[in-house]
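Visitor: I would like to learn how to read a model like this one. Please take the features one at a time.

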Amino acid sequence: MQIDLTSSSIDTYLYLLSGSGYVLEDDDDGGNGTNSSITRYLSPGTYTVVAATYSSGESGSFTLSVSGSGSLLSVSNCY
């Protein structure tokens, strides 16, 4: 699975959580950059992707994309 979070104006932070809420992986894009990415093989199950800003109180727009291969990939509850 490939998860990408990009922005033109804010420092992004991306989290991949297991179904129970445990952080499996996170990515801060290595500094003041505006993109974060996680590539990971996932077993069947339900996962949560959290798209956030690095600093509390930051606001701006971003694009989240999720892609992968397998029998089923479903994305829901994007705000």
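Guide: Bear in mind that this is a predicted model. Take Ser-7 to begin with: its relative accessible area is 10%, below the 20% cut-off, so Ser-7 is buried.

Visitor: Where is Ser-7 placed?

Guide: Ser-7 belongs to the loop that joins β1 and β2.

Visitor: Which backbone nitrogens does the side chain of Ser-7 reach?

Guide: There are the backbone nitrogen of Ser-9, 3.0 Å from a polar side-chain atom of Ser-7, and the backbone nitrogen of Ile-10, also reached at 3.0 Å. Leaving aside residues up to four places away in sequence, Ser-7 touches Thr-12, Thr-34, Ser-61 and Phe-62.

Visitor: How should I read the strands of a sheet?

Guide: In general, strands of a sheet pair through backbone hydrogen bonds, and the pairing is either parallel or antiparallel. Here an open sheet of three strands runs in the order β4-β1-β6, with antiparallel pairing. β4 (35–39) and β6 (63–67) are the edge strands, each pairing on one side only. From one strand to the next, the twist averages 5°.

Visitor: How many bridges join β1 and β6?

Guide: Five bridges join them, in the antiparallel sense.

Visitor: Which residues make up the largest nonpolar core?

Guide: A nonpolar core is built from buried residues joined through side-chain atoms within 4.5 Å. The largest one here has six residues: Ile-3, Leu-5, Leu-14, Leu-16, Ile-38 and Leu-42. β1 (2–6) and β2 (12–17) each contribute at least two residues to this core. For Ile-3, the contacts beyond four places in sequence include Leu-14, Leu-16 and Ile-38, and also Val-49, Leu-64 and Val-66.

Visitor: How many aromatic pairs does a search of the whole structure find?

Guide: The search finds two.

Visitor: Are Tyr-13 and Tyr-54 buried or partly exposed?

Guide: Tyr-13 has a relative accessible area of 15% and is therefore buried, whereas Tyr-54, at 47%, is partly exposed.

Visitor: Which residues form the aromatic cluster?

Guide: Tyr-13, Tyr-15 and Tyr-54 form one aromatic cluster.

Key:
Residues are numbered from 1 along each chain as its sequence is written. This is a predicted model: local features need pLDDT of at least 70, side-chain atom pairs count only at pLDDT 80 or more; totals for chains, interfaces and linings use all residues. Side-chain values use heavy atoms; hydrogens and water are left out. Buried means under 20% relative accessible area, exposed over 50%, partly exposed in between (1.4 Å probe, protein chains only). Helices (H or I, at least four residues) and strands (E, at least two) are DSSP runs, numbered from the N terminus. Contact means heavy atoms within 4.5 Å. A polar contact is a pair of N or O atoms within 3.5 Å; within protein, one must be able to donate a hydrogen and the other to accept it, and residues adjacent in sequence count only if both atoms are side-chain atoms. Two strands pair if DSSP finds at least two bridges between them. Axes are lines fitted to C-alpha atoms, for helices over the stretch in contact, and angles run from 0 to 180 degrees between N-to-C directions. Rings of Phe, Tyr and Trp (its six-membered ring) pair if their centres lie within 6.5 Å; planes under 30 degrees apart count as stacked, over 60 as edge-to-face and the rest as tilted.
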